[in-house]
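Visitor: I'm new to this. Could you walk me through this one, a bit at a time?

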Amino acid sequence: MTVTKALCRVDDIPDSGAFEAGFVDERDGIRDSLMLTRHSNVVRAYRNICPHAGRRLDWAPGQFLIEDGHVICTAHGAMFRLASGECVSGPCRGTGLTEVAVESRDGEVVLREA
Ligand code: FES
């Protein structure tokens with residue numbers, strides 16, 4: 001059975017930008033943070049965790065440094081493509097963000113869980 005959880009409205013995510021949304025993991029009760037991106041109405045979600053040293057990607061809650069289709073981790077400057085999560089420069093080049101399965105449904109972004 002597939003369970004869905006609404007994270008935000010698609011319109012909450014700026015085109016070619018990023019939006020922070022979270023959900024409570026029912027296994028441990030801890031709120032997980034996601035970075036949602038949208039480009040030409042394609043929505044992607046990544047865990048809001050940098051693969052370099054595990055810091056959040058946003059410099060303040062929900063404030064991401066976006067530049068030319070990339071998000072930059074302000075801790076040590078790693079740069080990730082919004083379209084794929086791939087790290088293209090910085091201390092963890094060649095790694096990538098962890099993508100989380102989401103879909104847009106009736107104007108809402110929903111988390112898909114198996
Ligand atoms: S924690 Fe993101 S670049 Fe170091």
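Visitor: Is Trp59 buried or exposed?

Guide: A quick note to start: this is a predicted model, where local features need pLDDT of at least 70 and side-chain atom pairs count only at pLDDT 80 or more, while totals for chains, interfaces and linings use all residues. Residues are numbered from 1 along each chain as its sequence is written, and side-chain values use heavy atoms, with hydrogens and water left out. Now, buried means under 20% relative accessible area, exposed over 50%, and partly exposed in between (1.4 Å probe, protein chains only). Trp59 has 53% relative accessibility, so it counts as exposed.

Visitor: Where does Trp59 sit?

Guide: Strands here are DSSP runs of E, at least two residues long, numbered from the N terminus. Trp59 lies in the loop between β4 (42-47) and β5 (65-67).

Visitor: And Phe23, buried or exposed?

Guide: Phe23 belongs to strand β2, residues 17-24. Its relative accessible area is 10%, so Phe23 is buried.

Visitor: Which residues is Phe23 in contact with?

Guide: Contact means heavy atoms within 4.5 Å. Skipping neighbours within four places in sequence, Phe23 touches Lys5, Leu7, Ile30, Arg31, Asp32, Leu34, Arg47 and Leu111.

Visitor: Which strands stand at the edges of the open sheet of four strands?

Guide: Two strands pair if DSSP finds at least two bridges between them. The order is β5-β6-β7-β8, with antiparallel pairing. Each edge strand has a single partner, so one side of it is left without a neighbour in the sheet; those strands are β5 and β8 (87-89).
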